Amino acid sequence: MPLRFAILGDGAWGTAVALVLAQNPNHRVALWSARAENGRILQEQRENVRLLPGVRIPESIILTMDLAAAVANADLWIVAIPTVYLRATLETVAADLQADRPVLSLAKGIENSTFLRPTEIIRQVLGPRQAAVLSGPSHAEEVSRGLPTTVVVAGDDWPLISWIQQCFNTDRFRVYTNQDLLGVELAGALKNIVGIAAGISDGLGFGDNAKSALLSRAVVEIARFGVALGAEPQTFYGLAGLGDLVTTCCSRHGRNRHVGERLAKGEKLPAILASMRMVAEGVYTTRSVHERAVRMGIDMPITSEVYQVLYEDKDPLTAVNHLMLREPKLEHE
């Protein structure tokens with residue numbers, strides 16, 4: 001019996017995941033477009049020309065704008081919708097998502113108004129159900145072209161994440177499991193804040209020493225925050241934490257790094273966001289995390305400086321200087 005997967009969201013990552021799953025001849029994959037114009041172009045071109053140019057979408061993947069048809073009889077719903085749009089999109093289509101199906105989230109972010117993680121939003125809108133998250137260093141530009149990638153699937157239901165691991169594993173896409181759903185989702189969200197900081201460093205012309213120091217201190221900061229909320233500390237030194245952090249901060253594909261680089265060169269945030277084709281989740285996550293850290297009394301100097309650059313128009317170089325001139329302390333504090 002073939003396994004059926006419905007991917008909700010035709011962005012770069014949703015498309016890349018469809019390509020991974022479609023490699024198995026026993027899989028039936030449907031990719032749903034929320035926007036009619038995007039869906040029409042996908043169907044006509046069989047290519048995500050805007051986000052993944054040159055990557056052919058095989059005929060075995062069903063491209064549709066009919067959500068009910070996409071999710072009908074699916075064994076797993078895969079939600080590839082950015083966190084900032086997740087609630088509104090799900091509420092719009094919730095009538096077609098009443099069946100009790102497990103959901104896999106691909107989103108990396110935190111909702112500003114509620115501080116809910118993607119799987120929490122999914123369960124709140126669609127009702128109680130099995131839910132998991134796929135995270136880790138996985139740029140769609142590379143995954144879609146078959147470059148070796150390793151990720152982690154996390155959830156509180158062991159049979160579900162083990163099954164997802166088996167479904168996704170290929171010779172170019174390796175999946176590990178982790179039962180720390182909270183930690184994996186927090187790591188995937190917080191690394192985007194640091195991606196903006198890394199872009200600022202690059203935009204200011206700083207070198208490898210600065211980037212290495214940033215990543216090292218960022219892992220400590222992210223873990224401090226995550227553990228305070230109840231996550232497992234080791235999660236932040238794994239694929240969803242350190243692994244994704246390195247990719248986000250160093251890759252030319254990094255959307256959040258791109259934002260930071262342009263800020264460092266004097267561009268203003270509204271103009272940067274208006275010119276981008278994909279969502280830089282770190283811009284929104286920075287506000288959520290900064291406000292929660294202040295309320296809980298958690299020391300997060302990198303996040304604080306990024307917040308001030310984004311939302312208080314602080315000069316990026318001044319922000320870096322403030323980090324460098326903080327009171328000396330022990331490394332692991």
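## Lys211, a residue of helix H9

Lys211 has its place in helix H9. The model under discussion is predicted. Is Lys211 buried or exposed? Lys211 counts as buried because its relative accessibility is 11%, and the limit for a buried residue is under 20%.

## Ala70, a residue of helix H3

Ala70 belongs to helix H3, which comprises residues 67-71. With a relative accessible area of 7%, Ala70 is buried. When neighbours within four places in sequence are left aside, Ala70 is in contact with Ala6, Ala30, Trp32 and Thr64.

A distance places Ala70 relative to another part of the chain. Ala70 and Asn26 stand 44 residues apart in sequence, and their C-alpha atoms are 17 Å apart in space.

Lys268 is situated in the loop that runs between helix H11 (255-264) and helix H12 (269-275). Its relative accessibility is 48%, and Lys268 therefore counts as partly exposed; a residue counts as exposed over 50%.

Which residues does Lys268 touch, not counting those up to four places away in sequence? They are Leu263 and Asp313. The side chains of Lys268 and Asp313 are also joined by a polar contact of 3.0 Å. Asp313 itself follows helix H14 and has a positive phi, near 60°. Lys268 and Thr303 lie 35 residues apart along the chain, with 19 Å between their C-alpha atoms.

## Helix H14, a mostly covered helix

Of the eleven residues in H14, ten are buried, so that the helix is mostly covered. The buried residues are Pro301, Ile302, Thr303, Ser304, Glu305, Val306, Tyr307, Gln308, Val309 and Leu310.

Against which elements do the buried residues of H14 pack? They pack against H8, H9, H11, H12, H13 and H15. A general point about helices may be recalled here. An α-helix has 3.6 residues a turn, so residues three or four places apart point the same way.

The largest pocket holds about 1,200 Å³ of space. Its lining consists of 48 residues, and those nearest the centre are Gly11, Ala80, Pro82, Arg255 and Val279. Several helices supply at least two residues each to this lining, among them helix H1 (12-21), helix H2 (36-45), helix H6 (140-143), helix H10 (239-250) and helix H13 (281-296). H4 provides the largest share, which is four residues. Sorted by class, the lining of the largest pocket has 22 nonpolar, 15 polar and eleven charged residues.

The second largest pocket contains about 630 Å³ of space. It is lined by 28 residues, with Leu214, Arg217, Ile302, Leu323 and Met324 closest to its centre. At least two lining residues come from each of H8, helix H9 (208-228), helix H14 (301-311) and helix H15 (316-324). H9 gives the most to this lining, with six residues. By class, the lining of the second largest pocket comprises 17 nonpolar, one polar and ten charged residues.

## The cavity

How many cavities of 30 Å³ or more are counted? The count comes to one. About 40 Å³ of space lies in the largest cavity.

The lining of the largest cavity is formed by Val20, Gln23, Val143, Gly146, Leu147, Thr170, Arg172 and Phe173. These residues divide into four nonpolar, three polar and one charged.

## The chain as a whole

The chain contains 15 helices and eight strands. Its C-alpha atoms fill a box of roughly 60 × 40 × 35 Å along the principal axes. The radius of gyration is 19 Å, which agrees with the value near 20 Å that a compact globule of 333 residues would have.

Buried residues account for 55% of the 333 residues in the chain. Among contacts between residues at least 6 apart in sequence, 71% join residues at least 24 apart.

Definitions and conventions. Residues numbered from 1 in each chain as written. Predicted model: local features only at pLDDT ≥ 70, side-chain atom pairs only at ≥ 80, totals over all residues. Heavy atoms only, no water. Buried < 20%, exposed > 50% of the residue type's maximum accessible area, 1.4 Å probe, protein only. Contact = heavy atoms within 4.5 Å. Polar contact = N/O pair within 3.5 Å; in protein donor to acceptor, adjacent residues only side chain to side chain. 1 Å grid on protein atoms, 1.4 Å probe; cavity = no way out; pocket = protein on both sides within 12 Å on 5 of 7 lines; lining within 4 Å. Points joined across faces, edges and corners; volume = space filled by probe spheres on them. Nonpolar A, V, L, I, M, F, W, Y, C, P; charged D, E, K, R; others polar. Rg over C-alpha atoms; globule rule 2.2 N^0.38 Å.
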